[in-house]
Amino acid sequence: MTFMDDDRPQKKPNHEIGMDLSMMSVDELNARIDMLKAEISRIEQEAARKASGRLAAENLFKS
């Protein structure tokens, strides 16, 4: 490994629903849980933003 290897972008771990988890360490599993929780939060925020926009549009055209 050279000093240039640290400058390369790190590949984000991919997760597939139902993938084999048996070869992952406890630390890797916990990191995966944190990543998925952050993704769930991001999706929930986007859903709430879209629901708010839809409600505003419905109220605008209700009259």
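Visitor: Which side chain does the side chain of Arg32 make a polar contact with?

Guide: That would be the side chain of His15, at 3.4 Å. Keep in mind that this is a predicted model.

Visitor: Okay, and where does Arg32 sit?

Guide: Arg32 is in helix H1, which covers residues 26-62.

Visitor: Is Arg32 buried or exposed?

Guide: Arg32 is buried, and yet has no salt bridge.

Visitor: What's the nearest side chain of opposite charge, then, and how far away is it?

Guide: For Arg32 that's Glu28, 6.7 Å away. A salt bridge here needs a side-chain nitrogen of Lys or Arg within 4 Å of a carboxyl oxygen of Asp or Glu, so a pair has to meet that cut-off to count.

Visitor: Let's go back to His15. Where is that one found?

Guide: His15 is in the segment before H1.

Visitor: And which residues does His15 touch, leaving out those up to four places away in sequence?

Guide: His15 touches Leu21, Arg32, Met35 and Leu36. Take Leu36: His15 and Leu36 are 21 residues apart in sequence, while their C-alpha atoms are 8.6 Å apart in space.

Visitor: What's the relative accessible area of His15?

Guide: The figure is 27%, so His15 counts as partly exposed.

Visitor: New topic. How many salt bridges are there by this rule?

Guide: The count comes to two. In general, side chains of opposite charge can pair when their charged atoms come close.

Visitor: Which residue does Arg42 meet in a salt bridge?

Guide: Arg42 meets Glu39, with 2.7 Å from N to O. Both residues lie in helix H1, three residues apart, or about one turn of the helix.

Visitor: Why does Arg42 count as exposed?

Guide: Because Arg42 has 51% relative accessibility, and exposed means over 50%. Glu39 has 33% relative accessibility, so Glu39 counts as partly exposed.

Visitor: How do Arg49 and Glu46 count for accessibility?

Guide: Arg49 counts as exposed, at 53% relative accessibility. Glu46 counts as partly exposed, at 33%.

Visitor: Let's zoom out. How many helices and strands does the protein have?

Guide: One helix and zero strands.

Visitor: And what share of the protein is made up of buried residues?

Guide: Buried residues make up 3% of the 63 residues. Arg32 is one of the buried residues.

Visitor: Last one: what does the accessible surface come to?

Guide: About 6200 Å² for the protein, and 59% of that belongs to carbon and sulfur atoms.

Notes:
Residues are numbered from 1 along each chain as its sequence is written. This is a predicted model: local features need pLDDT of at least 70, side-chain atom pairs count only at pLDDT 80 or more; totals for chains, interfaces and linings use all residues. Side-chain values use heavy atoms; hydrogens and water are left out. Helices (H or I, at least four residues) and strands (E, at least two) are DSSP runs, numbered from the N terminus. Buried means under 20% relative accessible area, exposed over 50%, partly exposed in between (1.4 Å probe, protein chains only). Accessible areas come from the Shrake-Rupley method with a 1.4 Å probe; for residues, only the protein chains shown count as cover. Lys and Arg count as positive and Asp and Glu as negative; His and the chain ends are not counted. A polar contact is a pair of N or O atoms within 3.5 Å; within protein, one must be able to donate a hydrogen and the other to accept it, and residues adjacent in sequence count only if both atoms are side-chain atoms. Contact means heavy atoms within 4.5 Å.
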